[in-house]
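Here are my notebook entries from a first look through this model.

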Amino acid sequence: MNSKWKYKLKELFTFSKGERLGIVVLLLVVLAVLLYPLLGTLKKGSSLLTFDEFKQQVDDFELSAKRTANNVNPTGTVVKHAFADSKKRRTATLEPLRSIELNSADTVLLTRLKGIGPHYAKEIVLYRKRLGGFYKPEQLMEVKGIGKVRFSRITTSLKTNEQLITPLAINTAGEERLAQHPYIGERLSKAIVTFRSVNTITSLSQLVGERILTESQADRLRPYLSFE
C-alpha cells in the first residue's frame, strides 16, 4: 500500500526536461513582474528626494488643498459641487418655523414641530378628520400620546383657523357618522337620532333642554354642528 502511494507521489512530481524549463521560465516572468515597480523607483537620480524637491511637493499639495476648499480648479475656475447645491436647497426649503395652522398642515409639516415624529403627525391628522378640525390648539392634547408636557413644547408654534372646520349636519348625518365624532359617541348618537325622528333639531340649547346633552357637551360641540 505504501509503495503504491510512493509511486504515485513520485510520478506526480516527476517532470520532463521541457516541463522543468517551462517552470523556470514561468518563475522568471513572475519575478520580473514583481520587481519591475521596484526597479522603476531605483533609477539613477530618483531614488531619494532632495530637500528642495520635497518642499516643492509639500507646497503643491497645500495649494491643491486650498483650491479644493475654495471650489477652484487648477485653471482658476470656480467649481460648483453638487453637495453644496444640495445643502443650499435644503436650507432654502427649511425656512424658520413660525407657526403651523393645525387644520391645513399635512404630516410632513407637522413633523417639524418639536417632539412630533411621523407617528404622532399621522395620529393628529386622523383625529382631525374625526373631529372635523381643531378650533383651539389645546385640543391637540386629546390625541393619544400628546400630553401636557409634549404640548407645552410646541404651543407657541400652533394656531387654528375655525373657518376650515368641516361642519356635521346633525339633522341628516347617519347614526354611525354621528357616533364617529369624538364628542358624541354611540350613546349620544342613538339619543340624537331618536329625538330627531319626531323633532327637527334647531339648536344645541334644544338638546340641552331635552336633557340629551349637558351644557359642557353642548359647548364642545358648538363649533362642529350645523342645523340645516
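**Entry 1**

I began with Glu175, which is partly exposed at a relative accessible area of 33%. For these labels I used a 1.4 Å probe and protein chains only: buried is under 20% relative accessible area, exposed is over 50%, and partly exposed is in between. Before going on, I noted that this is a predicted model, in which local features need pLDDT of at least 70 and side-chain atom pairs count only at pLDDT 80 or more, while totals for chains, interfaces and linings use all residues. I also noted that residues are numbered from 1 along each chain as its sequence is written, and that side-chain values use heavy atoms, with hydrogens and water left out.

Which residue forms a salt bridge with Glu175? I found Lys190, with the closest N and O atoms 3.1 Å apart. A salt bridge here is a side-chain nitrogen of Lys or Arg within 4 Å of a carboxyl oxygen of Asp or Glu. This pair links distant parts of the chain, since Glu175 sits in helix α8 (residues 175-180) and Lys190 in helix α9 (residues 185-196), 15 residues apart. Lys190 is partly exposed too, at 46% relative accessibility.

**Entry 1: the other salt bridges**

How many salt bridges does the structure hold? I have 3 in my notes. Side chains of opposite charge can pair when their charged atoms come close.

Arg220 pairs with Glu142, and their closest N and O atoms are 3.7 Å apart. Here, too, distant parts of the chain are linked: Arg220 belongs to helix α11 (residues 215-221), Glu142 to the loop between α6 (118-131) and α7 (148-154), and 78 residues separate them. I looked up both accessibilities: Arg220 is partly exposed at 38%, and Glu142 is partly exposed at 33%.

Asp219 forms a salt bridge with Arg222, with 2.9 Å between the closest N and O atoms. Asp219 is partly exposed at 42%, as is Arg222 at 46%.

**Entry 2: the whole chain**

I stepped back and found 11 helices and 4 strands in the protein chain. These are DSSP runs numbered from the N terminus, with helices (H or I) of at least four residues and strands (E) of at least two. Of the 228 residues, 23% count as buried. The chain exposes about 17000 Å², and carbon and sulfur atoms supply 59% of that area. Accessible areas come from the Shrake-Rupley method with a 1.4 Å probe; for residues, only the protein chains shown count as cover.

**Entry 3: helix α6**

I checked the length of α6 next. At 1.5 Å a residue, its 14 residues should span 20 Å, and its end C-alpha atoms are 20 Å apart, which agrees. The expected span is 1.5 Å times one less than the number of residues.

Which residues of α6 are buried? I listed Tyr120, Ala121, Ile124, Tyr127, Arg128 and Leu131. They lie on the same side of α6, because they cover an arc of only 130° around the axis. The arc is taken from the directions from the helix axis to the C-beta atoms. These buried residues pack against α5 and α7. On the face turned away from the buried side, I found the exposed residues Pro118, His119, Lys122 and Lys129. After α6 comes Gly132, with a positive phi near 105°.

Gly115 is in the loop between α5 and α6, and is partly exposed at 36% relative accessibility. Leaving aside neighbours within four places in sequence, Gly115 is in contact (heavy atoms within 4.5 Å) with Tyr120 and Arg150. Gly115 and Ile154 are 39 residues apart in sequence, yet 8.2 Å apart in space, C-alpha to C-alpha.

Gly117 has its place in the loop between α5 (107-110) and α6. Its relative accessible area is 25%, so Gly117 is partly exposed.

**Entry 4: one phi to look at**

Most residues other than glycine have a negative phi. Arg211 is not a glycine, although its phi is positive, about 60°. I found Arg211 in the loop between α10 (204-209) and α11, where this residue counts as exposed at 76% relative accessibility.
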